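Have the structure open as you read.

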Amino acid sequence: MKTSLNPDERGYYGSFGGAFIPEMMQANVAELQEKYLDIIGTQEFKDEFDVLLRDYVGRPSPLYLATRLSEKYETNVYLKREDLNHTGAHKINNSLGQIILAKKLGKKRIIAETGAGQHGVATATACALMGLECTVFMGELDVKRQAPNVGRMKMLGAQVVPVSSGSKTLKDATNEAMRYWIANPFDTHYIIGSVVGPHPYPDMVAKFQSVISEEIRKQLKEKTGSELPDVVIACVGGGSNATGAFYHFLEEEKVRLIAAEAAGKGLESGFTAAATFKGVSGILHGSKTLFMQTDDGQVVEPHSISAGLDYPGIGPALAHWFETGRVEYQAITDEDAMQSGLELCKLEGIIPAVESSHALAVLDKTKFGKDEHVVVNLSGRGDKDLETYLKYL
Amino acid sequence: MSNRINTVLESKDNILSIYFTAGYPKLDDTMKVLVELERSGADMIEVGVPFSDPIADGPTIQHSNTVALDNGMSVQLLFDQLSGVRDKVSLPLIMMSSLNPIIQYGFEQFCQKCQEVGADGLIIPDLPVEEYISEYKDVVERYGLRNIILITPSSTDARIRLIDEHTDSFIYMVSSAATTGVNKNFSQDFEAFAKRLQAMNLKNPLVTGFGIKDKESFDQVTKFSKGGIIGSAFVKAVAEGDDAVASTAKFMREFA
């Protein structure tokens with residue numbers, strides 16, 4: 001099967017994607033489907049987005065050759081420092097892109113879901129910047145384990161709504177945001193934080209995050225003379241940072257792309273979030289994709305130590321890239337991720353988000369050549385995770 | 001092909017359709033509630049298939065879904081419970097489900113089972129009309145079922161016409177564009193939408209759902225449409241007290 005970078009006109013990547021939404025969401029989603037490519041393709045949009053990414057976010061984020069880490073793993077490890085972005089993760093790229101789009105569509109209010117709180121903080125930040133009202137839905141469990149981010153969102157003027165249904169995590173926050181949009185469709189834009197949801201969200205979010213791989217190409221060329229690394233590694237919850245890091249390499253077949261899924265307590269433990277290993281195709285959050293479910297089609301509650309990866313499925317493009325074999329998937333346990341995160345602290349003086357630690361753990365599981373250039377997308381910083389890390393010290 | 005839904009639509013006005021969640025409040029309440037609804041004067045019944053993550057439902061129905069699943073309800077068990085329903089209940093039965101449980105069961109197998117137990121139609125809120133036409137319509141029709149599609153005040157005329165063209169029973173008219181909670185402008189929004197639809201001269205009748213909680217709101221919507229669907233209000237009422245049959249009878253008394 002041919003691997004597609006972009007969806008077809010109905011929003012499909014191979015057999016995954018589409019827009020399986022109730023009629024009550026149709027008008028808002030159709031408006032996006034009809035207009036997003038035209039709007040984000042204009043020079044005006046690009047200029048506004050580029051200036052914000054540069055002057056507000058601090059892009060380009062550095063591509064850092066991690067020498068001590070490279071020494072340990074006997075290869076050349078480059079870290080794409082999305083953790084140095086304003087608000088501390090890659091999520092801000094998408095929030096800014098979507099909020100400019102929302103303004104051009106005349107929307108007055110923004111809603112968002114969040115897991116680790118990074119997308120919530122990024123969206124609350126973008127709303128403060130643009131003067132728009134912001135409501136963030138967050139699972140009750142995540143409100144507890146990511147308390148610093150809840151505080152940040154409130155300081156930024158957002159209303160945080162704790163969600164008590166289901167597993168009280170990211171999937172339930174997403175359900176609740178969709179329900180709210182159904183009930184309050186007027187003047188409201190829903191900023192989905194990952195490459196999930198009905199078409200055109202997966203493609204829209206992918207395009208806003210693709211700045212990551214666009215920069216990697218340029219930075220690598222300066223450092224090594226070649227735009228192409230041998231390997232790109234990223235963690236996958238819904239898949240937005242991975243999609244951003246893979247995007248401009250997807251059609252370069254020589255570049256090996258590795259996605260780190262959260263195995264939780266282990267693939268066979270019943271406490272996992274590894275969607276390609278344990279999932280089957282079905283309809284979740286408006287698209288056809290791979291997610292963990294029972295034989296009866298009920299969504300299985302995921303588990304990961306990382307709130308940002310604690311999601312039962314993956315975006316439809318990532319499901320397609322799994323199906324075609326273009327992207328390799330590895331399952332990383334809570335324990336392995338935590339050890340790799342702590343290792344980065346000690347070897348490089350960088351405290352990574354627990355999410356990003358899953359990508360780092362791939363270094364220990366995979367043998368790379370000593371002349372190879374391996375880029376790890378360090379999607380976020382670990383300040384929000386101190387309490388979790390301290391338990392593993 | 002004749003179908004109980006069409007028969008009721010042809011023979012009656014002010015159709016009272018009641019939604020309930022299968023396996024709620026207790027696992028074996030499904031058949032009891034069906035029988036009592038028929039006895040107490042409902043005209044049509046929507047049998048809700050519970051799903052863990054329904055996005056089109058408000059908190060009351062969501063909660064009933066969670067309880068039903070905790071009770072052990074599944075698609076297969078529901079079909080087992082419904083076998084023999086046609087010896088006891090003659091009202092049209094419409095299966096209302098999110099798409100995922102149906103496709104995991106097997107879409108065609110689900111339709112075949114519906115025909116076998118004597119269900120008449122489907123409502124799948126997250127199956128948009130375009131996907132229905134391209135992937136599923138043939139199968140639904142092969143088993144003599146009617147697929148009922150929702151429209152809202154924000155649906156375009158072109159979309160409503162497309163839905164009308166591919167429907168052969170009724171169109172589920174969502175009363176207002178803002179669907180949950182108390183909508184202050186319920187009657188104005190609804191009337192404006194009803195008048196817009198009247199002017200379109202659709203071939204299918206309209207049955208209204210969302211926001212109908214009692215006789216008064218039912219009477220309001222049936223002035224402008226063929227019938228009304230009560231969901232959350234009934235689901236809430238059926239769980240009050242320990243006996244779902246008595247609770248159903250009590251709720252229905254108002255409509256007698």
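## The modified lysine

UniProt, in an unreviewed entry, puts "modified residue: N6-(pyridoxal phosphate)lysine" at A:Lys91. UniProt positions follow the numbering used here, feature names are shortened, and annotations may be inferred rather than shown by experiment. A quick word on conventions: this is a predicted model, where local features need pLDDT of at least 70 and side-chain atom pairs count only at pLDDT 80 or more, while totals for chains, interfaces and linings use all residues. Residues are numbered from 1 along each chain as its sequence is written, chains are lettered from A and ligands numbered from 1 in the order written, and side-chain values use heavy atoms, leaving out hydrogens and water.

A:Lys91 sits in helix α4 (residues 91-104) of chain A; helices here are DSSP runs (H or I, at least four residues), as are strands (E, at least two), numbered from the N terminus. With a relative accessible area of 16%, A:Lys91 is buried (under 20%; exposed is over 50%, partly exposed in between, with a 1.4 Å probe and protein chains only). Leaving aside neighbours within four places in sequence, its contacts (heavy atoms within 4.5 Å) include A:His119, A:Ser194 and A:Ser240.

## The annotated active site in chain B

Which residues does UniProt list for "active site"? An unreviewed entry gives B:Glu46 and B:Asp57.

B:Glu46 belongs to strand β2 (residues 44-48) of chain B and is buried, at a relative accessible area of 0%. Beyond its neighbours within four places in sequence, B:Glu46 touches B:Tyr19, B:Met96 and B:Tyr172, among others. Its side chain also makes a polar contact of 3.4 Å with that of B:Ser17 (N or O atoms within 3.5 Å; within protein, one must be able to donate a hydrogen and the other to accept it, and residues adjacent in sequence count only if both atoms are side-chain atoms).

B:Asp57 is in the loop between β2 and α3 (59-71) of chain B. B:Asp57 counts as buried, because its relative accessibility is 18%.
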